[in-house]
Amino acid sequence: MSGTGSTEPHGAAAPDDTGQVLVAGVGNVFLQDDGFGVETVRRLSARMPELPPGVELMDVGIRGVHLAYRLLEGYRTLVLVDLVGRGGTPGTLYTIDVGPEPPAERPAPGPLDTHAMDPATVLALLHDLHAGAGGTLPDEVYVIGCEPGATDEGMGLTPPVAAVVDAAADLVLDLVRRDSAVPQRG
């Protein structure tokens, strides 16, 4: 993950209990389609009245470590918005239910590159931080992903990815509305 932009959450409530939902856009806006997550969250911020109470938006950009620490503050649900390369046609959208368990594949041990953290690395770090420092892990983790067209240096999304940003925002809205309608685990 990498990118630029505000790290301040945008939303209706502070993350001080476990009934919150965090929608995090990750990626580097200087690497073409890697800015997909950031752009999707930016578009969602223009649709704030459509978000249920308790949903926060966060432009994570390249600050995966910041996201991991923020999650320890107590969110019931995490929705990551990022590129997902599965060999599909550029612009293909995916909704992935990651679940609350740590990822099966963990990054190799070594120095932590805070500017190159994919969602699996962030989730692995989150579980490591939780084991060492406590905090509350999300009960539910989803990824709204998009198949990239190009991630070379350069500003702006490629046309196939730019064309699906609003559809990705709709997927996020459907997910958080469904999530807010389900009774919370106690």
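I started at Asp97, which stands opposite Tyr142 in strand β6. This is a predicted model, so I'm reading it as one. Asp97's side of the story is strand β5 (residues 93-97), which pairs with β6 in the antiparallel sense over five bridges.

Next I checked Tyr142 from the other direction, and found Val79 opposite Tyr142 too. Strand β4 (residues 77-83) runs parallel to β6 in their pairing, with seven bridges.

Then I moved on to salt bridges and counted eight. One of them joins Arg177 and Glu50, with the closest N and O atoms 3.4 Å apart. That pair links distant parts of the chain, 127 residues apart: Arg177 is in helix α5 (residues 165-181), and Glu50 is in the loop between α1 and β3. Arg177 is partly exposed at 35% relative accessibility, and Glu50 is partly exposed at 34%.

Arg70 meets Glu56 in a salt bridge (3.3 Å, N to O), which ties helix α2 (residues 64-71) to strand β3 across 14 residues. Both Glu56 and Arg70 are buried. Arg70 also has a salt bridge to Glu73, at 3.5 Å from N to O. Arg70 counts as buried because its relative accessible area, 13%, is under 20%, whereas Glu73 is partly exposed at 42%.

Notes
Residues numbered from 1 in each chain as written. Predicted model: local features only at pLDDT ≥ 70, side-chain atom pairs only at ≥ 80, totals over all residues. Heavy atoms only, no water. Pairing = 2+ DSSP bridges. Helix = DSSP H or I, 4+ residues; strand = E, 2+ residues; numbered from the N terminus. Salt bridge = Lys/Arg side-chain N within 4 Å of Asp/Glu carboxyl O. Buried < 20%, exposed > 50% of the residue type's maximum accessible area, 1.4 Å probe, protein only.
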